[in-house]
Structure formats: C-alpha cells, structure tokens
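This report describes how a protein chain is folded and which contacts link its parts. Please examine the sequence and the structure shown below before reading on.

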Amino acid sequence: MPRRNRAQPPRHRGQNLHASATVRTEYGPAGAESERFTVRTVPGSRATKSYRCPGCDHEIPPGTAHVVAWSADAIGGADDRRHWHTGCWSGRATRSPTRRWS
C-alpha cells in the first residue's frame, strides 16, 4: 500500500519573526546588582551585517551567531547596543572591553 503524504501545518504563519532571538537579563562581571544588561542572542541566520566586537576588537562577519547587549538600567536607543562574540561576552569577567562602549 502506498504511503500517504499528509499536509504539514504552515510554518511561520502568525508567529513572531523575532521568536528565534532569546532575550534575558544578566548582571555585570562581578554579579553586582548595579550592572544589569539586557542580552539578546542573534542566530547566524538573522545576522546580516558585520559588527565590531568590543571584547576582542575583531569583526563579527555576517552569518555568525552572536549576542547583543545593552544596559538595562540606562535609557537609551540603538546607539547603546553592542554586538559581542558569544565567547567574548561569556568571558567578559576575565577581561575588559578593548573599546569604550559605555
């Protein structure tokens, strides 16, 4: 008996296009309550531009998964967001940014 192909539910219909990005709040390197950052994970498929990582001062090429971080306490816009390599953001407690980004 031949196999039946059942219709698959439509994908991405009625879903948020940014649902693949996770947003969380993290604290500064020492865990101080005064330094809170909002951090968003950007998957490689959504990374369409190149950025300069403040942790290592190297370029993040398009198509590379990375994180975007900005101060959760300060009021600011797109100018306050910084794009970091995932490893650089994870290791920020052991080194300081190479560029001034605050």
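In this predicted model, 4 strands form an open sheet, arranged in the order β1-β2-β5-β6 with antiparallel pairing. At the edges lie β1 (23–27) and β6 (82–84), each of which pairs on one side only. From one strand to the next, the twist averages 35°. Strands of a sheet are held in pairs by backbone hydrogen bonds, in either a parallel or an antiparallel manner.

Within the sheet, strand β2 (residues 36–42) and strand β5 (residues 66–71) run antiparallel and are joined by 6 bridges. Arg 40 stands opposite Val 68 in β5.

The secondary structure of the chain consists of 1 helix and 6 strands. Along the sequence, these elements follow the pattern β-β-β-β-β-β-α. The chain has 102 residues, of which 24% count as buried. It exposes about 7700 Å², and carbon and sulfur atoms supply 49% of this area. Among contacts between residues at least 6 apart in sequence, 46% join residues at least 24 apart.

Pro 61 is found in the loop between β4 (59–60) and β5. Is this residue buried or partly exposed? Its relative accessibility is 35%, and Pro 61 therefore counts as partly exposed, since the category lies between 20% and 50%. When neighbours within four places in sequence are left aside, Pro 61 is in contact with Lys 49 and Ser 50. Pro 61 and Lys 49 are 12 residues apart in sequence, and their C-alpha atoms are 6.9 Å apart in space.

Attention now turns to charged side chains. Side chains of opposite charge can pair when their charged atoms come close. In this model, the count comes to 2 salt bridges, listed in the following table.

| Salt bridge | Distance between closest N and O atoms |
|---|---|
| Arg 24 with Glu 26 | 2.7 Å |
| Arg 92 with Glu 26 | 3.4 Å |

Which parts of the chain does the pair of Arg 92 and Glu 26 tie together? Arg 92 lies in the segment after α1 (86–90) and Glu 26 in strand β1, so the pair ties together parts that are 66 residues apart in sequence. Arg 92 has a relative accessibility of 15% and therefore counts as buried, because the cut-off for buried is under 20%. Through salt bridges that share partners, Arg 24, Glu 26 and Arg 92 are joined into one network. Arg 24, with a relative accessible area of 31%, is partly exposed.

Terms used:
Residues numbered from 1 in each chain as written. Predicted model: local features only at pLDDT ≥ 70, side-chain atom pairs only at ≥ 80, totals over all residues. Heavy atoms only, no water. Pairing = 2+ DSSP bridges. Helix = DSSP H or I, 4+ residues; strand = E, 2+ residues; numbered from the N terminus. Axes fitted to C-alpha atoms, helices over the stretch in contact; angles between N-to-C directions. Buried < 20%, exposed > 50% of the residue type's maximum accessible area, 1.4 Å probe, protein only. Contact = heavy atoms within 4.5 Å. Areas by Shrake-Rupley, 256 points an atom, 1.4 Å probe, with all protein chains shown as cover. Salt bridge = Lys/Arg side-chain N within 4 Å of Asp/Glu carboxyl O.
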